[in-house]
Amino acid sequence: MKGRVAVVKELVSVCPESIREKMDNGETILHLCVKYNRLEALKLLVETVRDDEFVSAADDNGNTILHLAAILKHVQITKYLLLETSIKENANTLNKIGFTALDALEHSPMDSKGLEIKIILLAAEAGHAQRNEERNSKVRSSTVQRKRGLAARTCKWWNNYLKNVGKRFEEARGNILIAATLTATVAFQAGVNPPQFNKDQNATIASTSSFYLGSYFVISF
């Protein structure tokens with residue numbers, strides 16, 4: 001509370017676990033640094049702990065140290081928190097009444113300091129939104145590339161399939177032409193030079209011809 005950095009440093013070296021002790025209303029030692037505008041003590045403690053969760057901790061009202069810095073209009077502390085700590089990633093954290101740090105500031109009387117902090121918070125919020133948009137853009141780009149790759153593979157598969165089907169159709173067409181030619185030839189020869197047989201022999205020859213012709217179609221297809 002007094003901002004005596006050398007004393008704080010000595011106490012932390014002797015009893016480092018004391019940093020994490022909370023007061024009755026859930027405030028941490030970092031909340032005290034912000035409340036009494038002790039930037040150097042705040043820097044020392046943040047760099048000593050190096051714990052993102054602890055730095056972003058809220059009191060019983062849900063206020064983070066960024067909420068307090070905005071409400072109390074501590075410009076330098078606000079800049080430090082948004083530029084040098086992980087709290088910038090949680091700049092839109094809501095307190096118990098649903099206010100972000102910027103909302104809390106806007107519900108306070110506005111003056112030159114308040115306006116300066118508002119600009120800082122808006123810039124941090126815009127930067128956070130831009131980073132989110134960049135990440136979303138990368139995800140969308142990756143999704144589009146995967147879909148394009150799938151479409152290309154699908155088209156290639158269909159092209160190969162249709163080529164194979166076309167080959168089979170051509171082979172079947174050739175077989176049909178051969179069979180048709182053979183049938184026409186047999187019929188023509190039979191018509192031009194009809195053999196002379198009795199009824200039993202005619203029946204046997206017809207049956208044999210049908211068998212061979214049918215066998216040819218089975219083999220062809």
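**Entry 1: salt bridges**

I began with Glu40, which counts as partly exposed at 48% relative accessibility. This is a predicted model. Lys43 is also partly exposed, at 26% relative accessibility. I found the side chains of Glu40 and Lys43 meeting in a salt bridge (3.8 Å, N to O). Both residues lie in helix α3, three residues apart, about one turn of the helix.

I then searched the whole structure and found five salt bridges. One of them joins the side chains of Lys35 and Glu27 (2.8 Å, N to O). Lys35 is partly exposed at 34%.

I also looked up Lys118 and Glu106, whose side chains meet in a salt bridge (3.5 Å, N to O). This pair links distant parts of the chain, with Lys118 in helix α8 and Glu106 in helix α7, twelve residues apart. Lys118 is partly exposed at 25%, and Glu106 is partly exposed at 40%.

**Entry 2: the core**

I turned to the largest nonpolar core, which has 34 residues. Leu30, Leu42, Leu66, Leu81 and Leu121 have the most contacts inside it. Helix α3 gives the most to this core, with seven residues. I checked what Leu30 touches: its contacts include Leu42, Leu45 and Phe54, leaving out residues up to four places away in sequence.

**Entry 3: the cavity**

My search of the whole structure gave one cavity of 30 Å³ or more. About 40 Å³ of space lies in the largest cavity. Ala91, Asn92, Leu102, Leu121 and Glu125 line it. I sorted this lining into three nonpolar residues, one polar and one charged.

Note on methods: Residues numbered from 1 in each chain as written. Predicted model: local features only at pLDDT ≥ 70, side-chain atom pairs only at ≥ 80, totals over all residues. Heavy atoms only, no water. 1 Å grid on protein atoms, 1.4 Å probe; cavity = no way out; pocket = protein on both sides within 12 Å on 5 of 7 lines; lining within 4 Å. Points joined across faces, edges and corners; volume = space filled by probe spheres on them. Nonpolar A, V, L, I, M, F, W, Y, C, P; charged D, E, K, R; others polar. Core = buried A, V, L, I, M, F, W, Y, C linked by side-chain atoms within 4.5 Å. Buried < 20%, exposed > 50% of the residue type's maximum accessible area, 1.4 Å probe, protein only. Helix = DSSP H or I, 4+ residues; strand = E, 2+ residues; numbered from the N terminus. Contact = heavy atoms within 4.5 Å. Salt bridge = Lys/Arg side-chain N within 4 Å of Asp/Glu carboxyl O.
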